[in-house]
Amino acid sequence: MKKYISLILAVILVLTLFGCSKPEEETTTATTTTTTTETTTSPFVTGGNPLTGQKKFAKSAKGKRPVAIVVENAEPARPQWGIETPDIIVEGEVEGGISRMLWIYADYKSVPEKVGPLRSARPSYVRFSTLFDAIFIHWGGSHSKAGYEGGYSTIKRLKVDDIDGINGGSLFGRDQTRGTSLEHRGILYGNNISDTIKNKGFRVKQKKDKTSFTFNVKNKKVGKDAANNVGVTFSSRTNTRTFTYNSKDLKYHTNDWQTDVKFKNLIVLQDSSTYITTPYKGGSTTYLNYDYKGGEGYLISMGSYTKIKWDVAGDKLNIRSADGKDIAFNIGKSYIAFSSTNNGGNVAIS
């Protein structure tokens, strides 16, 4: 009996050691892989107003074309109606030491009820509007003569969708409250823009390959050098546009238009320009055209400034850092100035 018990115990021991194990070739090792998902927050704004970076932006305006409105800057026209409202104001010389502005709105339904005084088209401003695929709004235009391509010819050559106050309509009118001459009283009724665009059958969806900006989520100095006072001279014939930084609201203020106007970003594009003298009303006038050859400039924001490089490629405005890297603006409205590199333009920053 003892022999049988010993035999049974031996069998159990063998089965325990060998019989219950898997063959070596079938043995697997369990590997535990830990995957870490890293959540990152982009330092740049996405969505919202493409010209200011501000989140508050009508859904109906997303992906739609902006409008670019020509507004004058003569003293009798100041303060201009609605000058605090554009997303971007562009300014440079047109002729005779006079500057003119282009007001750009990302949402044409946001243009206020009364804007102006409107003025006529000039080639440089028509050209700039195409960089944003904007619908161009003006009151009249210069005509081609003696080697000069006028505003109307530029509109036709570039096939720009434009709305002209000369043709009248419910979009335009004359202000009767100021004792100034007729040319300083032409106004635009912003609440009629949408119907006018629809009636003209203009394309409203914006092309994807047009100018777009990148914005910082949080305010950020753009350079190490201070920029508390800024003066921009378009040419030796023009006055200087002056700005003062306010450290409380973090914006640059100017009273040059006889009212307080403020911007988050100041952008100076230094460009060569060409003067062209043509006959005009028994005498002559000298127009200035910017060449859009690109070059250097300045980005000024948050009490600081940095040098930039810019160019126009394929009807798109590219603004980069001095070493050619992408650059971001701070959220808010911008002022863009053209300063002539060969006709006495100047930028003073302190």
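**Figure 1. The largest pocket of the predicted model.** The largest pocket has a volume of about 540 Å³. Its lining counts 25 residues, and Arg-100, Arg-119, Ser-120, Arg-122 and Tyr-280 are the closest to its centre. Two elements give two or more residues to this lining: β3 (98–105) and β15 (283–290). Strand β3 gives the most, with 3 residues. By type, the lining of the largest pocket splits into 8 nonpolar, 9 polar and 8 charged residues. The structure shown is a predicted model.

**Figure 2. The second largest pocket.** This pocket holds about 310 Å³ of space. Its lining is made of 18 residues. Nearest the centre lie Pro-50, Lys-62, Gly-63, Lys-64 and Gln-206. The lining divides into 6 nonpolar, 6 polar and 6 charged residues. How is such empty space found? A probe the size of a water molecule is rolled over the atoms, and this shows where space is left.

**Figure 3. The largest nonpolar core.** In soluble globular proteins, nonpolar side chains tend to be buried together. Here, the largest nonpolar core has 80 residues. Val-67, Ile-69, Phe-128, Leu-188 and Ile-319 have the most contacts inside this core.

**Figure 4. Leu-188 and its contacts.** Which residues is Leu-188 in contact with, leaving aside its neighbours within four places in sequence? They are Ile-69, Val-111, Glu-113, Lys-114, Val-115, Leu-118, Ile-137, Leu-171, Phe-172 and Ile-193. Both Leu-188 and Ile-69 are among the residues with the most contacts inside the largest nonpolar core.

**Figure 5. Phe-128 and Phe-132, a tilted pair.** The whole structure has 16 aromatic pairs. In this one, the ring centres of Phe-128 and Phe-132 are 5.5 Å apart. Their planes meet at 40 degrees, so the pair is tilted. Is Phe-128 buried or exposed? Phe-128 has a relative accessible area of 1%, which is under the 20% limit, so Phe-128 is buried. Phe-132 is also buried, with a relative accessible area of 1%.

**Figure 6. Phe-128 and Phe-338, an edge-to-face pair.** These two rings lie 5.8 Å apart, centre to centre, with 90 degrees between the planes. Phe-128 sits in helix α2 (residues 123–131), and Phe-338 in strand β19 (residues 334–340). The pair therefore ties together parts that are 210 residues apart in sequence. Phe-128 and Phe-338 are both buried.

**Figure 7. The aromatic cluster.** Ring pairs join Phe-128, Phe-132, Phe-213, Phe-215, Tyr-290, Tyr-292, Trp-310, Phe-329 and Phe-338 into a cluster. Phe-128, a member of this cluster, is also one of the residues with the most contacts inside the largest nonpolar core.

Definitions and conventions:
Residues are numbered from 1 along each chain as its sequence is written. This is a predicted model: local features need pLDDT of at least 70, side-chain atom pairs count only at pLDDT 80 or more; totals for chains, interfaces and linings use all residues. Side-chain values use heavy atoms; hydrogens and water are left out. On a 1 Å grid over the protein atoms alone, a cavity is a set of points where a 1.4 Å probe fits but cannot get out, and a pocket is an open set with protein on both sides within 12 Å along at least five of seven lines; lining residues have an atom within 4 Å of a point. Grid points are joined across faces, edges and corners, and a volume is the space filled by probe spheres set on the points. Helices (H or I, at least four residues) and strands (E, at least two) are DSSP runs, numbered from the N terminus. Ala, Val, Leu, Ile, Met, Phe, Trp, Tyr, Cys and Pro count as nonpolar, Asp, Glu, Lys and Arg as charged, and the others, Gly among them, as polar. A nonpolar core is a set of buried Ala, Val, Leu, Ile, Met, Phe, Trp, Tyr and Cys residues joined through side-chain atoms within 4.5 Å. Buried means under 20% relative accessible area, exposed over 50%, partly exposed in between (1.4 Å probe, protein chains only). Contact means heavy atoms within 4.5 Å. Rings of Phe, Tyr and Trp (its six-membered ring) pair if their centres lie within 6.5 Å; planes under 30 degrees apart count as stacked, over 60 as edge-to-face and the rest as tilted.
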